[in-house]
Amino acid sequence: GLDDADVYFAHSFAVAPADEPVTAATVDHDGPIVAAVEHGPVAGVQFHPERSGPAGARLLENLLRWSRSA
């Protein structure tokens with residue numbers, strides 16, 4: 001439920017996973033940048049959900065649902 005949603009990035013760092021299948025989401029900023037990763041029971045995002053308004057709230061809701069299903 002986050003396709004085309006705007007999220008808040010506060011830095012210029014970009015992760016480059018050695019294992020591409022862990023990439024869960026990307027954004028386009030002069031080319032693709034990894035925005036989220038997932039591997040088994042571990043997930044992380046490169047942006048700030050708490051500063052991303054409704055999209056951030058939706059992400060946190062999704063994470064709670066995902067973690068309860070694991």
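## Basis of the model

The model is predicted: local features need pLDDT of at least 70, side-chain atom pairs count only at pLDDT 80 or more, and totals for chains, interfaces and linings use all residues. Residues are numbered from 1 along each chain as its sequence is written, and side-chain values use heavy atoms, with hydrogens and water left out.

## Overall form

The protein chain contains one helix and three strands, arranged along the sequence in the pattern β-β-β-α. Its radius of gyration is 12 Å, close to the 11 Å that the globule rule gives for 70 residues, so the chain is as compact as a globular protein of that length. This radius is taken over C-alpha atoms, and the globule rule is 2.2 Å times the number of residues to the power 0.38. Helices (H or I, at least four residues) and strands (E, at least two) are DSSP runs, numbered from the N terminus.

Along the principal axes, the C-alpha atoms fill a box of roughly 35 × 30 × 20 Å. Of the contacts with a separation of 6 or more, 39% join residues 24 or more positions apart; a contact means heavy atoms within 4.5 Å.

## Surface and burial

The accessible surface of the protein chain is about 5,200 Å², and 55% of it belongs to carbon and sulfur atoms. Accessible areas come from the Shrake-Rupley method with a 1.4 Å probe; for residues, only the protein chains shown count as cover.

Of the 70 residues, 19% count as buried. Buried means under 20% relative accessible area, exposed over 50%, and partly exposed in between (1.4 Å probe, protein chains only).

## The aromatic pair

The structure holds one aromatic pair. F9 and F47 form this pair, which is tilted, with 5.7 Å from centre to centre and 55° between the planes. The pair links distant parts of the chain, 38 residues apart: F9 lies in the segment before strand 1 (23-28), and F47 in the loop between strand 3 (42-45) and helix 1 (53-69). Rings of Phe, Tyr and Trp (its six-membered ring) pair if their centres lie within 6.5 Å; planes under 30 degrees apart count as stacked, over 60 as edge-to-face and the rest as tilted.

F9 is partly exposed, at 28% relative accessible area, whereas F47 counts as buried, because its relative accessibility is 11%.

## The loop residue Q46

Q46 is placed in the loop between strand 3 and helix 1. Q46 counts as buried, because its relative accessibility is 16%. Leaving aside neighbours within four places in sequence, Q46 is in contact with F9, H11, F13, A14, V15, V34 and A35.
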